[in-house]
Amino acid sequence: MLEIRNLVKVYPGPVAALQGIDLQIENGMFGLLGPNGAGKTTLMRIIAGLLEPTSGQVFFDGADIVRNPDSIRHRLGYLPQEFGFYPNLTGEAMLVFLLKLKGISAPGGIEELTRDLLGRVNLTFAARRRIKGYSGGMRQRLGVAQAIAGDPSIIVVDEPTAGLDPEERLRFYRILAELAEDRIVLLSTHIVEDVAVLCSKFAVIRNGRLIALTTPSEARETLKGRIFEGTADNGRLRDIETTHCVTKAMLIQGTNHLRVYSPAMDPPAGFQETTPTLEDAYLALMARAAAERPVSGKTSR
Amino acid sequence: MNRIRFFSVFRRELSQNVRRPFFWIMILLVLFIGFGISKGNVRVVASGDAEIGGTKAWITSEFSNAFFDAVLIFILYIFFISVTAGLSVIRDDEQKITELLHSTPLKPSEYVWGKALAVVAVFLIVLSVQVSASMFFNHAVPHTENIEFFGPFQAAHYIRPAVIFGLPVIFFITGLTFLMGEWTRNSRLLFFLPVIILSVTLFFLWEWSPSWLDIRIDRMLMLSDPAGLRWLSQTWIKVDQGTQFYNHSRVPMDGIIIGNRILFTVLGFAAIGLSQFHFGRVLRRSKSWSLKRRNPPGYNGSETIRTTQPAAAYRPLGELGMTGRTPSFFETFPAIVRVELRELLFSAGLYLFVPIILLNAFSDAMTSVGPMDTPLLTTSGLFAVNSMEPLTLTVCLLLMFYMVESARREKATGLAPVYRASPVGNFAVLSGKAAANGLVGVLIVLVFLVVGITAILVQGRVPVEIKPFAVVWGLLLFPTFVAWSAFAMVVYSATRNRYSTYAVCLSVLIFTGYRQATGHMNWVGNWNLWKVLQWSDMGVLEMDRYALVLNRIMILGLAVLFTVLAVKLFERRTPDASGRLNRLQFPVLLRLAATLIPFMIIPLAAGIVLFHEVGTGFQGSVREKAEKDYWRHNLATWKDTPVPDIAHVDLDVELYPETRGFAVSGTYRLINPSDKPLRRFPVTGGPDWSNLAWTLAGKPYEPENRSNLYVFTPVQAMASGETILLGFTYEGIMPGGITRNGGGSREFILPSGVVLTSFNPEFVPDLGFHEEVGIDEDNRYDAKVYPDDYYEGITGPFIGPNRPFTTDIRVELPVEYTANSVGMLKNRRIENDRAVYHWITDCPVRFFNIVAGRWDVRKGDGTALYYHPGHGYNVEVIGQAMDAARKYYSDWFMPYPWGELKISEFPGLAYYAQGFPTNITFSEALGFLAKDDPRTQVAFFVAAHEIAHQWWANILMSGKGPGGNVFLEGMANFSSILLFDQVKGDYARMEFCRRLEHDYGENRQKDSERPLVKVDGSRPGDNTVTYNRSAWIYWMMLNLMGRENALTGIRDFILAYRDGPDHPALQDFVEFLKRYAPDSGEFDRFVAQFFFDTALPEYRIDAVESNRGDDKWWIRFRLTNAGTGEISVDIAATAGKRFSDDTGESVPGYRESRITARPGAGESLELLIACDFEPERLMVDPDVTVLQLKRHLAAASIK
């Protein structure tokens, strides 16, 4: 179990990136949802032992990660948001190298394991090619391969689907889902669909604060009867935006198709009640949080 | 080019750079240097009157500033500029803003020029601070102690040199490294550039200038020196122009320096222009270029690049059976080394610059120069030791850059989060990277090894030995690399900033060099072993082996300590500011220090022992104090006190080379030479003697011990002519302890050889107070000023006793050694498995010595040459010189009075030869290892010179006073000229005279120079006057008098003065020889100019016109004497080559036509030479018979 207690991180400036996060995460896929700059990456880096917090504690299976970051490293699979590789190594050599650094072994030997892993991320054809010739998606897949390697007790993936095409994204979902069966997979994203597809539980953070800890179904349930759907021209859209929380506005054949969150169940005229989605729930949470605590200048990173 | 965009880039780059610690460290450095120069720690222009109150060369003159700027700006700025300019574009790439920037209307020209000129501006700021600091420290707050070195303030004296010597360097290095960085986008590659430029310039362009170098090559080298120092030094500083000139003149510019400065400025700007062109091209083609580079093998261009393939059937991950654990050091270390090496091998720098290093090293090896500008044979040991410094400097710099780049490779490539989140240990990471970079160092050393072996093989005379390379590079150099790498790593771990790391490491290198240059270094601080090694083929590093071992243990211990510290400081987790503050609290730091204690023990213990050994060594503070006490205690009472003469020496000497020990038991029979009774007399004893016991008149005696000066008071005062027996026994060590900072020793007992002399009181008691003991810069006083008529009446000897004495010396030592001493070998016997050599004098001597070694011997005609078995290269040449010298000197001066003439080789722990009577000692580096050729003939010369001292010092001793040494050393060199002429012919004699003249021209100090009769060795520049100018003057005098007249006069002179009691001064010499001069008026004029004045002709030829008549060519020209002497000189119009450079023999077909002229000082003469052939060249003094300045200018081509 991963337990986070009153975690605070203040960058010089000062910029308060985390303002007292408390979380308990059990085995399974856990999503961390939040807008850009909410503090997700800071939290992920602290958990991965790459960033020292200002205060607070992080325990993984009883081991204090803050005091002893080494305690998690051999049990960790980590895919950072931004990363690179040695450009002159081949994908295969790079992966072999990283497997050795991570102390990973397999019955068939490390070379065979490397080939298997590259196959799983669909990079077999480029295994012998130097990484400096890889596209962004290929690098991301190589990153995925190293993150899932071994038998990590916890996998931390930060915005993992960025740069992946839909096919690869689905493939990655499948891998993560499989891994989440018997370990913690912590998925940080600002893409609500990733959480909707994968996570049994998720947290929403904004400006370094936890504003929700729930499940996708719970989140949707709380909005039942409060989401309405309808159409509007541009003039009316502007009016609705001033009176209601618009969770989605799509322009289809010149007409705006809107989804509106109305906590008072007072939809604009002509709008019909509809089934809430997770995206509705996320945006409603954001709107509520914004109303409660307006964003100030230097509060988060 | 849009001005706003250009200035926007310029301002951004400028403001980024001036905010970096790098910039401020540079500013601090130039302030510190400005202060140091003002304080007078460094002098550049050697000219000046050395006497107290004499005019000094100002450090504020344009010449001094030019010299400082040329050296400092080049050495100091080059790395800072390279890093700043080279990384300018690379940094944008690393920050991933290049593409963003160039998606704007910003043009390559605005980007490249904005950035490059901002770097130039940064260093112009630094230069301005440097110049302002110099002005401030020199004029606003000058050091009162050095007030005589400060001239009046003139801003131009600072600004002009900075512009002329500083700006082109800044432009050139900025342009070149900017281009490198932009072109390669490889930060490692651009660091090679300054290393190579610096090493080529420092060790070749500034250093290599043998006297025989062709003027055209010299000019080419001047032109190719980016600093302009070679030109400045060769044209204006080497040949002293005098204080007045240096203090008041601007640096006169000529075509070479103007061309040089323009060339490097243009090259700098051209490089920036090329960078703009290349940058624009890459931007325009980036898409197609990058696609092409990324194409996989077999790609035919018709299909799109495949980045995915159809998915295979999915298998659960669990089926792979993967397990993870914390890997061990031994699992990860090799993997890291391999990957690091692989990345390093992709560094183009290795392939581009290693060949350049190779060429540099090769030329260094082939052009190594020994004493007297003589090319040396390159042996394995000499190559290994001589290349230590360039190798240490270049490899340490490369290691620093590679280590830092390696340490931040993950950050630069973006792998850092993955890498640091893995369970690999810090120790494996750091040691793996260090090992990979160390292997690069090893690779370069191996390249050097190949170069060395090739150089030795190409030379073809000396066998290749691997042992010296293994010892010097393997045992001594390698620990330096290890420790330096660890140091760079610990600095990077502590600062996490490459600029700070470079700044700290470069500061350490500069500080080390500064301590070396100012003579403050010792074994404890000398981590890189600069200037400490003295190689000898006869014994491997025997002199300071103990110090070397301790020093290397200390350095390796420090390497371990640094590694541990680096591991502790290396933070994989980005620290929190508050956490960092907590870790800086005293208890935390104390705990960190406590964990380091086990790793401090070895370096600390080695350092303490070394420090103690340095202090108690023979150059240490303990000895220094004892010598000072000797001087302070006795100067007033015992300086110039009368002492008895030695009439006979009887010595039993036991030598123990393995332990450096010796034991002496002996007696001096002393005689009172004075006509007054002698009540007491002092004897100076050795500083490291133990179990010392004295006897006087055969009875035990306890003299008064005045800080090692023993005062003997006989029961009754010694009457005039009375003798008394002084006895002594003692034991000692020679040398006593280690040196202060390496180097050699003039006298020693070592397994490789023994050299002991009666010159110093280290080995045998020395009668009287020893005036030089205990003198240093603090208490040095001016030499005694003698009245002009000091030589009239009886004059004492210049050195040594008033009269010669006899010796009876028995030397006991291990049987494998041969012991030589003065006189003839009476017998050799074996006692208790030790050999005993018994030497007695067959004719009295003035000095004695003992030299021992394991030699082969070459016997000649009354001569014997004892040499190291591996040094047979020049044995025949030296042997022939010995035979010839003994024969001809006997004919010319006086028959040799002793039975045998010996030369014995000793290890190259000092570069000298000493002409003891019958028993000359030669350092291996003199003659034995000379690259002897028809041009240099160095082996012949050294032998000829030292053998001449048998006559000039041993047979005839000059008088005590100014000119005394001028007579002895000058006559020895003059005798060598005669012997060259006799044995080797015109070409060799002329080359030898040219070399003496060149040395004199380069080393004379115009303002300090005094006439020969006044030279006492106390002033800078006296040495070259003593040896070279005086030899030339005697040679000119011989030509003036006629050879036979002069030699007859010299023979009679020896006979007149040989037996004393008066010892001749130079005034006696010229007065005596005047009787033999055919034209006494001409002789007087000559003597007045060249003995009693410092006359020196300097000829120029110009306005040359050639006209062909009916049957002749008429050459009209102007001959000017820009110097100060007046003497007849030949001028020849020549065609063809006179001598072969290879053999020195006359070349058939050479033709010449001569006239003689006598231009007075400052006078010009219009002259005409008729030739019945078509002449090619005009040459003043074709036979090299008139000493002159700048001989190379006294010639002209005839068009």
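Helices H12(B) and H18(B) are oblique to each other, oblique being the class left once angles under 35 degrees count as roughly parallel, over 145 as roughly antiparallel and 65 to 115 as roughly perpendicular. The model is predicted: local features need pLDDT of at least 70 and side-chain atom pairs count only at pLDDT 80 or more, while totals for chains, interfaces and linings use all residues. Residues are numbered from 1 along each chain as its sequence is written, and chains are lettered from A in the order in which they are written.

The axes of H12 (residues 329–345) and H18 (residues 426–459) of chain B come within 8 Å and cross at roughly 40°. Axes are lines fitted to C-alpha atoms, for helices over the stretch in contact, with angles running from 0 to 180 degrees between N-to-C directions. Helices (H or I, at least four residues) and strands (E, at least two) are DSSP runs, numbered from the N terminus. Residues of the contact (C-beta atoms, placed from the backbone, within 7 Å) include B:Phe333 and B:Leu341 of H12(B) and B:Val429 and B:Leu439 of H18(B).

Between the chains, the contact takes 53 residues from chain A and 44 residues from chain B. Among the elements of chain A that each supply at least two residues to the side touching chain B are helix H3 (91–101) and helix H5 (136–148); H6(A) gives the most, with five residues. B:Thr323 in S1(B) is the bridge partner of A:Ser105.

Definitions and conventions
Contact = placed C-beta atoms within 7 Å. Pairing = 2+ DSSP bridges.
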